[in-house]
Amino acid sequence: MRTRNCPIVAALLPILLVVFVTPAIAESVNVPGGSVDAIQDAVDLAGPGGTVFLGNGPHLMTETVLINAIGVTITGRSGAVIVGRNDTVGGFLPLFEITAVDVTLSALTAEASPQNVGDLSLAVADGAHKLDVVKCDVTGFVQLINAADSDDVIIQQNKFDAVLPLQAEARDI
């Protein structure tokens, strides 16, 4: 059997190894105030272990942000306010859907837009692990977080002004 040298493959191999084998580098991404649905792009750009900083001013969210990268942190700077708006009639909108491990939501201020008081939640985290929700101030939402079937969830130092009475369900653990 005869073998051939292929100079094209030999030339491309180092490039392919760098592109497909190099791990993603965590980034810090700043989202300026006045943004509209820009948080998803920032989360994607930050990547695993990255941090998204929300700048001073309003951040309109009309779609759920999916956090599926390990170790992402979203934190609000002083004066940053997420305004949740749900344009789906009769629908329910979580601002964040968390499917990754080791996610932190910190120092976020979130308000429901006037037409959406009562049909929003800060986050849905079914089955999430190592989730921290710390120092968030949430107003006009139905629930702060739905963390069913999740473990190692820390919810501390938050202010939650619910539009409906809170209901707690006791479960054996």
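Aromatic pairs come to zero in this structure. For a pair, the ring centres of Phe, Tyr or Trp (its six-membered ring) must lie within 6.5 Å; planes under 30 degrees apart count as stacked, over 60 as edge-to-face and the rest as tilted. There is a charge over a ring, however: the charged end of Arg 77 sits over Phe 53, 4.2 Å from the centre of the ring. The criterion there is NZ of Lys or CZ of Arg within 6 Å of the ring centre and within 35 degrees of the ring normal.

Some ground rules. This is a predicted model, in which local features need pLDDT of at least 70 and side-chain atom pairs count only at pLDDT 80 or more, while totals for chains, interfaces and linings use all residues. Residues are numbered from 1 along each chain as its sequence is written, and side-chain values use heavy atoms, with hydrogens and water left out.

Next, confidence. pLDDT is the predictor's confidence in each residue, from 0 to 100. The protein chain averages 79, and 73% of the residues score at least 70. Contact here means heavy atoms within 4.5 Å.

Now the chain as a whole. The protein chain has two helices and 16 strands. These are DSSP runs numbered from the N terminus, helices being H or I with at least four residues and strands E with at least two. Of the 173 residues, 37% count as buried. Buried means under 20% relative accessible area, exposed over 50%, and partly exposed in between, with a 1.4 Å probe and protein chains only. The accessible surface of the protein chain comes to about 10300 Å², and 56% of that belongs to carbon and sulfur atoms. Those areas come from the Shrake-Rupley method with a 1.4 Å probe; for residues, only the protein chains shown count as cover. Among contacts between residues at least 6 apart in sequence, 53% join residues at least 24 apart.

On to the strands. Two strands pair if DSSP finds at least two bridges between them. Why is strand 8 described as largely enclosed by the rest of the structure? Because five of its six residues, in the run 93-98, are buried. Strand 8 pairs in the parallel sense with strand 5 (residues 65-67) over three bridges, and Ile 98 in strand 8 stands opposite Ile 67. Strand 8 also pairs with strand 11 (residues 120-124), again in the parallel sense, over four bridges. In that pairing Pro 94 stands opposite Ser 121 of strand 11.

Strand 9 (residues 101-106) holds Thr 104. Strand 6 (residues 73-76) pairs with strand 9 in the parallel sense over three bridges, with Ser 106 as the bridge partner of Thr 75. Strand 9 and strand 12 (residues 129-134) pair in the parallel sense over five bridges, and there Leu 105 has Val 133 as its bridge partner. Is Thr 104 buried or exposed? Thr 104 is buried, at a relative accessible area of 18%. Not counting residues up to four places away in sequence, Thr 104 touches Val 72, Thr 73, Ile 74 and Asp 132.

Val 72 and Thr 73 come up again with Gly 50. Gly 50 lies in the loop between helix 2 (39-46) and strand 3 (51-54), and its relative accessible area is 0%, so it counts as buried. Leaving aside neighbours within four places in sequence, Gly 50 is in contact with Ala 26, Glu 27, Gly 71, Val 72 and Thr 73. Its C-alpha atom is separated by 8.0 Å from that of Ile 25, 25 residues apart along the chain.

Last, backbone angles. Most residues other than glycine have a negative phi. Which residues have a positive value here? One of them is Asp 37, with phi near 50°. Asp 37 lies in the loop between strand 2 (35-36) and helix 2, and is partly exposed at 26% relative accessible area. Asp 152 is not a glycine either, and has a positive phi of about 55°. Asp 152 is found in strand 15 (residues 151-156), and at 46% relative accessibility it counts as partly exposed.
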